[in-house]
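Open the model in your viewer and keep the sequence panel beside it. The stops below go one selection at a time.

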Amino acid sequence: NTATVTQIVTVRDVTPPTFTTTPQNINVNGAPNCATVTLTTPTATDNWSTATVTRNPEGNTFCIGTTTVVWTATDAAGNTATVTQIVTVRDVTPPTVTTPQPITVNGAPCTATVALTAPAATDNDGIASVTRIPSINTFMVGVTSVVWTITDRSGNSTTVTQTVTVRDVTPPAVRTKNINVQLGSNGTVTITPLDVNDGSSDACSQVSFLSLIHISEPTRQAEI
């Protein structure tokens with residue numbers, strides 16, 4: 001006589017797949033905001049079945065910044081292994097800046113206070129700072145070149161130049177003195193401006209004299 005009983009032995013696969021290649025991190029330039037990057041799928045093996053490799057996120061378009069791509073290898077038993085890959089898209093596009101118009105003002109008398117308006121600027125990743133040299137608002141008589149620097153959040157920058165012209169519109173203060181001169185043997189004498197200058201001055205610059213004075217007899221006519 002016999003009797004039988006059945007015993008079931010189940011061997012579970014609990015070993016996850018193994019990645020045999022590791023994807024390298026990738027750095028690319030944006031054009032201008034995003035970039036198309038074709039990623040190579042890493043290979044994976046398994047002790048019992050064929051491993052299927054997927055990734056998250058899917059797609060080949062990556063935008064400015066850092067994206068972590070997670071590759072997952074799954075075997076037939078549902079065991080998984082993961083590996084990560086970093087895709088960095090760099091912003092290499094400088095801001096677009098409108099060059100500001102030149103400014104001309106009158107001095108009062110030798111300087112002028114001018115409140116400058118920052119130039120209009122746009123950027124694909126945002127403006128981080130707007131600076132200028134010189135940074136003061138007081139300008140001397142003459143032409144000053146103001147250099148504006150616009151920098152975006154990735155450190156790309158654009159510079160433009162604006163000129164500020166301050167005109168000297170205050171005439172010199174002329175002071176003269178009386179002098180006695182003696183005519184030469186030919187009946188003429190030449191007097192320089194310095195002979196009659198008595199401390200003429202200008203608020204913003206040195207005074208210059210441009211002519212000679214000729215006096216002749218018998219008409220005593222002065223020629224400048």
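Where is the place of Asp202? Select Asp202: its place is in the loop between helix 1 (193-196) and strand 18 (213-216). Helices here are DSSP runs of H or I with at least four residues, strands are runs of E with at least two, and both are numbered from the N terminus.

Before going further, note that residues are numbered from 1 along each chain as its sequence is written. This is a predicted model, in which local features need pLDDT of at least 70, side-chain atom pairs count only at pLDDT 80 or more, and totals for chains, interfaces and linings use all residues, while side-chain values use heavy atoms, with hydrogens and water left out.

**Stop 1: around Asp202**

Asp202 is buried yet has no salt bridge. Buried means under 20% relative accessible area, exposed means over 50%, and partly exposed lies in between (1.4 Å probe, protein chains only). A salt bridge is a side-chain nitrogen of Lys or Arg within 4 Å of a carboxyl oxygen of Asp or Glu. For charge, Lys and Arg count as positive and Asp and Glu as negative; His and the chain ends are not counted.

Next, display backbone nitrogens. Leaving aside neighbours within four places in sequence, Asp202 is in contact (heavy atoms within 4.5 Å) with Asp168, Thr170, Pro171, Pro172 and Val207.

**Stop 2: the disulfides**

How many disulfides does the count come to? The count comes to two, where a disulfide is a pair of cysteine sulfur atoms within 2.5 Å.

Cys204 takes part in one of them: select Cys110 and Cys204, whose sulfur atoms are 2.1 Å apart. The pair links distant parts of the chain, 94 residues apart, with Cys110 in the loop between strand 10 (103-106) and strand 11 (111-113) and Cys204 in the loop between helix 1 and strand 18. The torsion about the S-S bond is about -100°, so this disulfide is left-handed. Cys110 counts as buried at 14% relative accessibility, whereas Cys204 is partly exposed at 27%.

Now select Cys34 and Cys63, joined by a disulfide with an S to S distance of 2.0 Å. This pair also links distant parts of the chain: Cys34 is in strand 3 (residues 34-36) and Cys63 in strand 6 (residues 61-63), 29 residues apart. The link of Cys34 and Cys63 is right-handed, with 80° about the S-S bond. Cys34 has a relative accessible area of 25% and is partly exposed; Cys63, at 39%, is partly exposed too. Counting bonded cysteines along the chain, the pattern is 1-2, 3-4.

**Stop 3: two cis peptide bonds**

Select Ala108 and Pro109: the peptide bond between them is cis, with omega near -15°. Pro109 is in the loop between strand 10 and strand 11. Then go to Ile133 and Pro134, joined by a cis peptide bond with omega about 0°. Pro134 lies in the loop between strand 13 (127-133) and strand 14 (138-140).

**Stop 4: the salt bridge**

The count comes to one salt bridge. Select Asp125 and Arg153, whose side chains meet at 3.1 Å, N to O. Asp125 is in the loop between strand 12 (121-122) and strand 13, and Arg153 is in the loop between strand 15 (142-152) and strand 16 (157-167).

**Stop 5: the nonpolar cores**

A nonpolar core is a set of buried Ala, Val, Leu, Ile, Met, Phe, Trp, Tyr and Cys residues joined through side-chain atoms within 4.5 Å. The largest has 14 residues; those with the most contacts inside it are Phe19, Val37, Leu39, Phe62, Val69, Trp71 and Val87. Strand 7 (65-74) and strand 8 (80-90) each supply at least two residues of this core, and the largest share, four residues, comes from strand 8. Apart from this core lies another, of eleven residues, among them Val114, Phe139, Trp148 and Val160.

**Stop 6: Phe209**

Finish at Phe209, found in the loop between helix 1 and strand 18. Phe209 is partly exposed, with a relative accessible area of 36%. Pro193 is 16 residues from Phe209 in sequence and 6.2 Å from it in space, C-alpha to C-alpha. Not counting residues up to four places away in sequence, Phe209 touches Pro193, Leu194 and Asn197.
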